[in-house]
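Hi,

Here is the model I promised to pass on. Have a look at it first, and my notes follow below.

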Amino acid sequence: MALSSEGTLTEATAQFDAVVAAIDALKQAAGPFARTPDDSAAATAAVAAASPVVDLLSGDRLSALTSIESLGDLGDLIVSAAALREAAEAIAPLAQGEPVDDPRSLAKPLSVWLRAAGNQTKSIKRELTEFAAKEASSRAEAEILAARRGRLDAIRAEGIDPFPYSFDGQEPIADVRAAHAELEAGAETQRTHRVAGRLASRRGQGGMSFLDLVDRTGRIQLQATSDTLDAKQFALLGDLVDLGDLLGVEGRAFVSQRGELTLQIASVEILAKALRPPPDKRHGLQDADAKYRRREVDLLSSEASRATFIARSRIVAAFRRELGDDGFLEVETPILQTLYGGAAAEPFVTFHNALDRKLYLRIAPELYLKRCLVGGLERVFEIGKNFRNEGLSPKHQPEFTSIEWYEAYAEYHAAADRTESLIRAAADAAGYDYEAEGAIRFDRPWRRVTFVDAVQEATGIDLLAHFQAQVGDGQYEITDDNGDPTGAVVDQDEFLRSAVRAKPKLAKQIADLDSLSWPQLADELLGTFVEPSLIQPTFILDHPVELSPLAKRHRTIDGLTERWEAYANGQEIANAFSELNDPDEQRRRFEAQQRYSESGDAEAQPYDESFVQALEQGMPPAAGVGVGIDRLVIMLTGSSTIRDVILFPALREL
């Protein structure tokens, strides 16, 4: 609840100061009493000093303070008045000279109360200061808005439309600068240009001023003089235009004596009046959270932020161009799906009233894109949003962008080659600097290592050891450190869990070890002990079947699939398969996923009979790849988190 006026805030501050003064007086009196608790004079002083504190905290004398709901510790301090009263009442017999068995025990509650009250008043002081700053900022903002609205009214009173419909013929500022790049300092031209943008700065006085105008392509200096502009327009620029206003300008190009290309304004139009001021031009938005909640303000104040999203656009365009040039068709598949699939993730659920059925926001477009292969569209891709109902982190957003492409008659090694080529093209389009310190070398051949070897190198655990220990259908015998049988026969899940438990340093880093299934634990081993070390681009090949329900079985190694994941900077950026096209095998894989789902795995792949029936029409052998656009943009722009590369990321409610 905001305070209604500065007077009320002053009253609240005075009330708080009175409380602090009373507590300080009590502290001064409590010191001698704590040192000599059997001194009746000291006890009398302590009781007398406690009385005004209790009175202040118990009455209605803090009405202005209690009207500020943000002062969280104030309520605790007020409630604690009862404890202070009890402490004072316990001391009262000492003050009256009555004998007490253990006077020191009576001093302790008072000391405890004072320590707690000291912490609470410090917190209240800090919150009150922050509240006062916000109130002052709010008043200042209201004054600025009122002043800008006053100038808006004045503009309209002059018969000027502050929000016109268009400004024809404007040139990008970068093109204007390029047209005169060879001119020397002091050069004059007779060429005129029309530019439009946001007023970023203004300096000068009297009959001449200089202004800076910014558009999406750059910045240019403007010169306004009273002898080249009529009085009305000169006054408009000097008295009624604010920083942040959008202007349309026509002017003659020249180069200042300092070598700055400048347009001498011949005419100016206001294109949109900004009723709110831009952020400070030096520092932009200082509140990191505000940068994401008010992205439009961040973009207009931060060249780095604009550069990030320009680079993002060029990265996406590079994928689209490279695939299109190689015969791929861009298609669109449903975002609202009757059954989600194509990834291991928990979906968002919605309901369609007219269809009277539950629908899901897609977690991946994969299964629909494969149907395109069945239908004879042999090379397809889609760039679009996916939605996964999972946690927020520097690498995760519930809404994210991916590109997936599918190529008939290819397999996963060819997909890896194409992925390397496409990401190099995207990096080039973004202007990525391979020579910068710590650069990720997408321009070099990527390392390729198998899932099993990567985990064994990092942990010493052989994920496929159970194949050599099988003693029955789904039964495996555990051996000791010497490789001798122990007589303990377990299932596949427990076999791997026991191998991890045998390495206590590893085991303590894995949460809920005893409840993880074999595929979950294998994935955890990779994620915990391998992924963070994969800084330079790396393909992790040949994933276990249980983790890859949509990939073909490996042609030579039992228990594995022809699947890879690509990593860079310690995180996954792409995923690919030699696509499973045997409908009977796909049905068995879906059934296995059902068992994981029934045992509590919320991310298991649901059974999709309609997709199996599509495969029964005949799908050509194919390779499919998915690339996370957001994570790639993070790396290619040097950004810190996924929120930096999504224009309007999902945020927690304030």
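To start with, is strand β5 (residues 261-272) buried or exposed? Nine of its 12 residues are buried, so β5 is largely enclosed by the rest of the structure. By buried I mean under 20% relative accessible area, with exposed being over 50% and partly exposed in between (1.4 Å probe, protein chains only). Helices (H or I, at least four residues) and strands (E, at least two) are DSSP runs, numbered from the N terminus.

Some housekeeping: this is a predicted model, so to speak of local features I need pLDDT of at least 70, and side-chain atom pairs count only at pLDDT 80 or more, while totals for chains, interfaces and linings use all residues. Residues are numbered from 1 along each chain as its sequence is written, and side-chain values use heavy atoms, with hydrogens and water left out.

Back to β5 and its partners. Two strands pair if DSSP finds at least two bridges between them. Strand β4 (residues 246-255) runs antiparallel to β5, joined by 10 bridges, and V255 stands opposite L261 there. The two form a hairpin with five residues between them, and G259 in the turn has a positive phi of about 85 degrees. Strand β3 (residues 218-225) pairs with β5 too, in the parallel sense and over three bridges; Q223 has Q264 as its bridge partner.

Next, the open sheet. Its eight strands come in the order β6-β10-β11-β19-β18-β17-β16-β12, with mixed pairing. β6 (329-330) and β12 (447-450) are at the edges with a single partner strand each, so one side of each is left without a neighbour in the sheet. Within the sheet, β17 (residues 563-568) and β18 (residues 571-578) are antiparallel over six bridges, with A566 and A574 as bridge partners. Helix α12 (residues 366-374) packs on the sheet, touching β10 (379-387), β11 (399-408), β18 and β19 (622-628), and its direction makes about 25 degrees with that of β11. Contact here means heavy atoms within 4.5 Å. Axes are lines fitted to C-alpha atoms, for helices over the stretch in contact, and angles run from 0 to 180 degrees between N-to-C directions. Helix α13 (residues 412-429) lies across β10, β11, β12, β16 (538-541), β17, β18 and β19, at about 25 degrees to β17.

Now the rings. Those of Phe, Tyr and Trp (its six-membered ring) pair if their centres lie within 6.5 Å; planes under 30 degrees apart count as stacked, over 60 as edge-to-face and the rest as tilted. That rule gives nine aromatic pairs. Y340 and Y360 have ring centres 5.0 Å apart and planes at 65 degrees, so they are edge-to-face. Both are buried. F539 and W564 are also edge-to-face, at 4.6 Å centre to centre and 70 degrees between the planes. This pair links strand β16 to strand β17, 25 residues apart. F539 is buried, with a relative accessible area of 0%, and W564 counts as buried at 0%. Both belong to a cluster linked by ring pairs, along with Y432, Y434, F442 and W446.

Finally, helix α6 (residues 103-157): at 1.5 Å a residue its 55 residues should span 81 Å, and its end C-alpha atoms are 80 Å apart, which agrees. The expected span is 1.5 Å times one less than the number of residues. G159, which follows α6, has a positive phi near 80 degrees.

Cheers
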